[in-house]
Amino acid sequence: MNRRTIGSTNEQKAAEFLEKQGMQIIARNYRIRSGEIDLIAKDGAYLVFIEVKYRASERRGTPLEAVNVSKQKVIVRTARHFMMKYGYHTDTPCRFDVIGILGDQIQYIKNAFWC
């Protein structure tokens, strides 16, 4: 499989995992020129921006380690664009979650970082 197919497959696994947690996926692969957010969901009153990272092994580090400060800044900037474009107010409660998939194991971190 190529990288895009692997990414799409794991984003689908992550979406199904989140839906089982009661979240409603409202967007996938939201892209702007400077970044992308893998999944955007509603969790009660919260608007949730989710980064999904996959690794087949820990040879290059864990999936969660890949969401560094630089990547977080891109996600936050992209989230702000999404909120402006779709009319969400600045007082809308939101959070940034990360799903790390290592092989077949899913690790989910709510509130992984803040803006």
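## Buried strands

Buried means under 20% relative accessible area, exposed means over 50%, and partly exposed lies in between (1.4 Å probe, protein chains only). Strands (E, at least two residues) and helices (H or I, at least four) are DSSP runs, numbered from the N terminus. Strand β2 is mostly covered, with seven of its nine residues buried.

This is a predicted model: local features need pLDDT of at least 70, side-chain atom pairs count only at pLDDT 80 or more, and totals for chains, interfaces and linings use all residues. Residues are numbered from 1 along each chain as its sequence is written, and side-chain values use heavy atoms, with hydrogens and water left out.

## The sheet

Five strands make an open sheet in the order β1-β2-β3-β4-β5, with mixed pairing. Two strands pair if DSSP finds at least two bridges between them. The edge strands are β1 (24-32) and β5 (105-113), and each pairs on one side only. On average, neighbouring strands of this sheet are turned by 30° against each other, direction ignored. Such angles run from 0 to 180 degrees between N-to-C directions, and the axes are lines fitted to C-alpha atoms, for helices over the stretch in contact.

Now follow the pairs along the sheet. β1 and β2 are antiparallel over seven bridges. Arg28 has Leu39 in β2 as its bridge partner. A hairpin of two residues joins β1 to β2. β2 and β3 are also paired in the antiparallel sense, over five bridges. Here Ala41 stands opposite Val48 in β3. β2 and β3 form a hairpin too, with two residues between them, and Gly44 in that turn has a positive phi of about 65°. At the other end of the order, β4 (residues 94-102) and β5 pair in the antiparallel sense over six bridges. Ile101 has Ile106 in β5 as its bridge partner.

## Two helices on the sheet

Contact means heavy atoms within 4.5 Å. Helix α1 (residues 3-20) packs on the sheet and touches β1, β2 (35-43), β3 (46-55), β4 and β5. Its direction makes about 150° with that of β1. Helix α2 (residues 69-85) lies across β1, β2, β3, β4 and β5. It runs at about 60° to β2.

## Aromatic rings

A pair of aromatic rings is described by the distance of the centres and the angle of the planes. Rings of Phe, Tyr and Trp (its six-membered ring) pair if their centres lie within 6.5 Å; planes under 30 degrees apart are stacked, over 60 edge-to-face, and the rest tilted. The count by this rule is eight aromatic pairs. Tyr30 and Tyr86 form an edge-to-face pair, 6.3 Å centre to centre with 70° between the planes. The two are 56 residues apart: Tyr30 is in strand β1, and Tyr86 is in the loop between α2 and β4. Tyr30 is buried at 9% relative accessible area, while Tyr86 is partly exposed at 46%.

Phe49 and Phe82 have ring centres 6.0 Å apart and planes at 80°, so this pair is edge-to-face. Phe49 sits in strand β3 and Phe82 in helix α2, 33 residues apart. Phe49 is buried at 1% relative accessible area. Phe82 is buried at 5%. One aromatic cluster takes in Tyr30, Phe49, Phe82, Tyr86, Tyr88, Phe96 and Phe113.

## Nonpolar cores

A nonpolar core is a set of buried Ala, Val, Leu, Ile, Met, Phe, Trp, Tyr and Cys residues joined through side-chain atoms within 4.5 Å. The largest has 16 residues, and Ile40, Phe49, Phe82, Phe96 and Phe113 have the most contacts inside it. β1, β2, β3, α2 and β4 are the elements that give two or more residues to this core. The largest share, five residues, comes from α2. Another core lies apart from it, with 12 residues, among them Ala14, Ile50, Val52 and Ile99.

What does Phe96 touch, leaving aside its neighbours within four places in sequence? Its contacts are Phe49, Ile75, Val76, Ala79, Lys110, Asn111, Ala112, Phe113 and Cys115.

Most residues other than glycine have a negative phi. Asn29, in strand β1, has a positive phi of about 50° although it is not a glycine. Asn111, in strand β5, has a positive phi near 50°. Asn111 is partly exposed, at 36% relative accessibility.
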